[in-house]
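Welcome! Please take a look at the sequence and the 3D view below, and then read on for a short tour.

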Amino acid sequence: MSNIMLLSGIRRAHSIFAVALAVAAPLALAACQSADPAANAAAASAPAAAAERPATADEIRAVAVGRTMSGGMTYKADGTYLYRGADPGRYEITDGRVCVKFNTGANRCDRVVTNGTSYTMINASGRRFPFG
């Protein structure tokens, strides 16, 4: 196959792709819009979801200290940590982070983020859990 024939085939394929894209793109965009103009206007004016940010140490304390969290984590006011009544240790809260030093010598730190209304704990593996 000569280079000219190869180049001609590439140009033909490119032209076919360009035409297909020019026809399909407007159809795909039209399908995304609601038939209800009021719904389209409301969606366009709705604020974007608040971005997550690290929770402050004070926010974390307000949510956690003196409570047993979902999942069974207890952060006592004296700095004691318990998980489902066992695995005792001591916790430390800093901006965006809760760290626990277990009596066994093991340690762990988890991130805590908020979107302004709810809190999420993110463990070292990246798994997310409701916090609060």
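## The disulfide

A disulfide is a pair of cysteine sulfur atoms within 2.5 Å. The structure holds 1 disulfide, and the bond runs from Cys99 to Cys109, with an S to S distance of 2.0 Å. Because the torsion about the S-S bond of Cys99 and Cys109 is about 115°, the disulfide is right-handed.

Strands here are DSSP runs of E with at least two residues, numbered from the N terminus. Cys109 is partly exposed, at 35% relative accessible area; the term covers what falls between buried (under 20%) and exposed (over 50%), using a 1.4 Å probe and protein chains only.

## The aromatic rings

Rings of Phe, Tyr and Trp (its six-membered ring) pair if their centres lie within 6.5 Å, with planes under 30 degrees apart called stacked, over 60 edge-to-face and the rest tilted. The structure holds 4 aromatic pairs. In one of them, Tyr75 and Tyr91 have ring centres 5.2 Å apart and planes at 85°, so this pair is edge-to-face. Tyr75 belongs to strand β3 (residues 73-75) and Tyr91 to strand β5 (residues 86-94), so the pair links parts 16 residues apart in sequence.

Tyr75 is buried, at 2% relative accessible area, and Tyr91 counts as buried at 15%. Ring pairs join Tyr75, Tyr81, Tyr91, Phe102 and Phe131 into a cluster.

## About the model

This is a predicted model, in which local features need pLDDT of at least 70 and side-chain atom pairs count only at pLDDT 80 or more, while totals for chains, interfaces and linings use all residues. Residues are numbered from 1 along each chain as its sequence is written, and side-chain values use heavy atoms, leaving out hydrogens and water.

Technical notes. Helices (H or I, at least four residues) and strands (E, at least two) are DSSP runs, numbered from the N terminus.
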